[in-house]
There are 2 protein chains.
Amino acid sequence: MDDRERLTIDEVRDLATRVLSRHGLAPDHAEACADVMTIGEGDGGGAHGIFRLLMCVSTIRTGKVALDVEPVVRDVAPGLVKVDAGGAFAPLAFRRGLPTLAAKARAVGIAAMAVTNCRHFAALFPEVEAIAREGLVGFAFTPSHAWVAPAGGSKPLFGTNPIAFGWPRPGKDPFVFDMATSAAARGEIELCRREGRPAPSGWGIDAEGKATTDAAAIMEGAMLPFGGHKGSALALMVELIAGPLVGDLTSAESIAVDDGAGAAPLGGELLLAIDPARMLGDAVSSHLARGEAVLDAVVSQGARLPSLRRYAARRRAEREGVLVPRKLLDDVRALLD
Amino acid sequence: MDDRERLTIDEVRDLATRVLSRHGLAPDHAEACADVMTIGEGDGGGAHGIFRLLMCVSTIRTGKVALDVEPVVRDVAPGLVKVDAGGAFAPLAFRRGLPTLAAKARAVGIAAMAVTNCRHFAALFPEVEAIAREGLVGFAFTPSHAWVAPAGGSKPLFGTNPIAFGWPRPGKDPFVFDMATSAAARGEIELCRREGRPAPSGWGIDAEGKATTDAAAIMEGAMLPFGGHKGSALALMVELIAGPLVGDLTSAESIAVDDGAGAAPLGGELLLAIDPARMLGDAVSSHLARGEAVLDAVVSQGARLPSLRRYAARRRAEREGVLVPRKLLDDVRALLD
C-alpha cells in the first residue's frame with residue numbers, strides 16, 4: 001500500500017495558505033509563505049515543502065513572529081535598498097523589495113538588498129531564482145541559529161549559513177544553487193538521532209569538541225562546516241555580511257534571543273544583483289552563450305548541474321501533482337482544526 | 001648548515017623589481033608585480049613569494065604577455081568600472097582601477113570592477129586586503145586554466161577558481177581569506193609528483209575519471225573541487241561571474257588559447273566592494289563591533305582565523321627580514337644575467 005496521497009500543486013498551495021491563515025498570518029504573508037512552500041513541495045518535497053508548515057506554526061505559537069506587519073522598503077543609496085520585515089516571516093519582505101532591487105541593479109549595474117528583522121523558515125533558492133528570472137545574476141546569504149563550530153573549534157558559533165546563487169539562462173530556467181555551509185542540514189542530523197542511526201563522520205562534534213558520529217551528541221555539541229577550513233571561512237563570511245553588515249543579528253545573537261523557545265531564526269539577509277546587460281552592453285548575448293557552453297560542459301560529462309533535477313520535478317508536479325506522505329498530510333490538516 | 005639567506009623586505013622588493021625590469025616590464029608594471037610578490041614573501045613565502053618570479057619570467061618568455069601597456073579604466077555605469085589590462089599582468093590594472101571602485105562603492109553603496117584581458121600570477125589576497133583597507137567589504141573571483149573537473153565529472157573544466165574576501169576591522173588588519181575552490185593548489189600536486197609521493201585522496205582523478213592518489217596521473221587527468229558538490233557549485237559560480245559576466249575567457253578558453261605554451265592564465269577578474277557606512281549610517285561602528293565579537297569568538301575557542309598568521313609573519317618580516325632558500329635565490333638571481 002502506497003501510504004501517500006496525490007495532491008495537485010493548486011491543492012498544495014491552497015492547503016498551505018489555509019493553514020497559515022488559520023494561525024493568524026495576514027493574507028499577503030500567508031500567500032507569500034505558501035508560495036515558497038509550494039515551490040519546495042513541487043521541486044521534490046522533503047524539508048522545504050509543506051513539512052515547513054509544522055515549523056512555521058510552531059514558530060507562530062511561540063508568539064515570536066509578527067503576523068500582519070507590512071514590510072517597509074527604504075531606499076538608502078543608489079545601489080542599496082533595505083526592507084524592514086518588522087519581525088514577520090521573510091518571504092513577503094523579499095517580494096516587496098525585489099522590484100526595487102531589480103530596478104537599482106539595472107540603473108546602477110549592481111545593487112544590494114538588506115532584508116532585516118525577519119523570521120527565516122525557507123530556503124534561499126526561490127529568491128535567487130526570482131532575481132535570475134529578472135535577467136540578473138543573484139546572490140543570497142543569511143545567518144541562522146548558532147549551531148556550527150568553526151573548523152578546529154569546539155563551540156557553536158555560525159548558523160548553517162547558506163550561500164545561494166542564481167544565473168540567468170536565456171530561454172531556460174535559471175541555473176541556481178542554494179547550499180548550507182554546514183556539512184549537513186540540521187534536520188538530517190535530527191533524523192539520524194530519531195532513527196537511532198549514526199551520523200556520517202565529519203558532520204559534527206560532541207560538547208567536548210571531539211569528533212563523533214553520535215547524532216544526539218552532535219545536537220548537544222556542534223555541527224561542522226562542509227569542506228574543512230575553507231567551508232568554515234565561507235560560513236564566517238556569511239555570518240559577517242548577512243549579520244553585522246546588514247545591521248542585524250549574528251547566529252549567536254539569534255539563538256540567544258530565542259532563549260530555548262525553538263522558534264525559527266531571527267535576523268537578516270543580504271541579497272546582491274548584478275545586471276549582465278549593464279556590464280556587457282551589446283555583447284551580453286554572446287557572453288551569456290559562452291556561459292551556456294560552461295553549463296553544457298558540466299552536463300555532457302555526466303556531472304550533476306544543481307537545479308536541473310529540481311526543475312524536472314517541478315514540471316512533473318505541474319502535470320501530475322505531487323505525492324505527499326499521508327502521515328505528513330494528517331499532521332498538516334490537523335493544524336486546520 | 002642553514003641553507004637559507006636572510007633578506008630585508010626592501011631587498012626582496014628590489015630584487016623582484018630588478019628581475020622584472022630586466023625582462024622588459026615597464027617600471028609601473030614591475031613595481032606593481034614586485035609589490036605583490038614582496039607581500040607574499042613577507043607573509044610566509046612559499047608559492048606566492050618571489051618564487052613567482054620564475055613563473056612570471058617564463059610567461060614573459062612565451063611572448064604572451066604585454067610588457068608596457070597602460071591599463072585603460074572605463075566608467076561603464078554608476079556602480080560598474082572596467083579595467084582593460086591589454087594583455088599585461090593583473091596587478092597594475094587592479095591598482096589603477098581601485099580608486100574608482102572605492103569611489104563608486106562610497107557613492108552608490110556597492111560597486112563592481114571587471115578587470116579584463118590580463119595574465120594572472122598572483123593570489124587575490126592583496127586585492128581584497130586593499131579594498132578592506134579602504135573601509136569596504138571586498139570580494140574577488142577569477143577563473144584560471146581548466147584543470148579541475150566538476151564533482152561527479154571526469155574532465156577538466158574549471159580553473160582553481162579562487163574566492164577571496166576582505167572585511168574591514170577598525171584599528172586592526174582586515175580579516176581576509178583567499179581560497180582556491182579546488183581541493184589543493186596545482187603546485188601542491190606537482191610537488192607530490194616531483195617527490196614521488198602519493199597525493200592525498202580526494203585531490204584528483206586520472207584521465208579515465210577514476211579517483212587516484214597518483215600525482216602524475218592527476219596532472220594528466222583532473223584536479224577535484226574541495227568539499228564535493230558544494231565546492232564544485234562554487235567553482236562553477238566563479239567560472240560564470242569572473243568569465244562570461246565580465247566578458248572574458250573561461251578557464252577552458254584560457255587553456256585553449258595557451259595551447260601548451262605553459263603561460264599564466266589569461267582572462268578576467270570580478271571584484272565587488274560594499275560600503276558598510278552607506279549600509280549602516282551612524283550605526284556602522286556599533287555593527288562593526290558586533291563583527292569583532294564574531295571574529296574574537298573564533299579565536300577564543302582556539303580555531304584558526306584566516307590571515308592572522310599571515311599578518312604576524314609580515315610584522316616579523318618587517319623587523320627581521322625573511323629567510324629565503326638559497327637554491328631559490330640562486331635561480332632568481334640567475335634571471336638577472
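Tutor: Start with how copies are compared: they are superposed by least squares on the C-alpha atoms of residues with pLDDT of at least 70 in both. Keep in mind that this is a predicted model.

Student: What rotation and shift superpose chain B on chain A?

Tutor: A rotation of 180° does it, with 0.0 Å of shift along the axis and an RMSD of 0.0 Å. The two copies are thus related as by a two-fold rotation axis. In chain B, Gly227(B) has the C-alpha nearest that axis, at 2.1 Å.

Student: Through which surface do the copies meet?

Tutor: Through the same surface, because 100% of the interface residues of chain B are also interface residues in chain A.

Student: How many aromatic pairs are there over all chains?

Tutor: There are 13. Planes over 60 degrees apart count as edge-to-face. Phe89(B) and Phe121(B) have ring planes at 85° and centres 5.2 Å apart, so this pair is edge-to-face. Phe89(B) lies in the loop between strand S3 and helix H4 of chain B, and Phe121(B) in the loop between S4 and H5, so the pair ties together parts 32 residues apart in sequence.

Student: Which residue lies over the face of Phe125(A)?

Tutor: Arg310(A), at 3.6 Å from the ring centre. In chain B, Arg310(B) lies over the face of Phe125(B), at 3.6 Å from the ring centre.

Key. Residues are numbered from 1 along each chain as its sequence is written. Chains are lettered from A and ligands numbered from 1 in the order in which they are written. This is a predicted model: local features need pLDDT of at least 70, side-chain atom pairs count only at pLDDT 80 or more; totals for chains, interfaces and linings use all residues. Side-chain values use heavy atoms; hydrogens and water are left out. Contact means heavy atoms within 4.5 Å. Rings of Phe, Tyr and Trp (its six-membered ring) pair if their centres lie within 6.5 Å; planes under 30 degrees apart count as stacked, over 60 as edge-to-face and the rest as tilted. Helices (H or I, at least four residues) and strands (E, at least two) are DSSP runs, numbered from the N terminus. A charge sits over a ring if NZ of Lys or CZ of Arg is within 6 Å of the ring centre and within 35 degrees of the ring normal.
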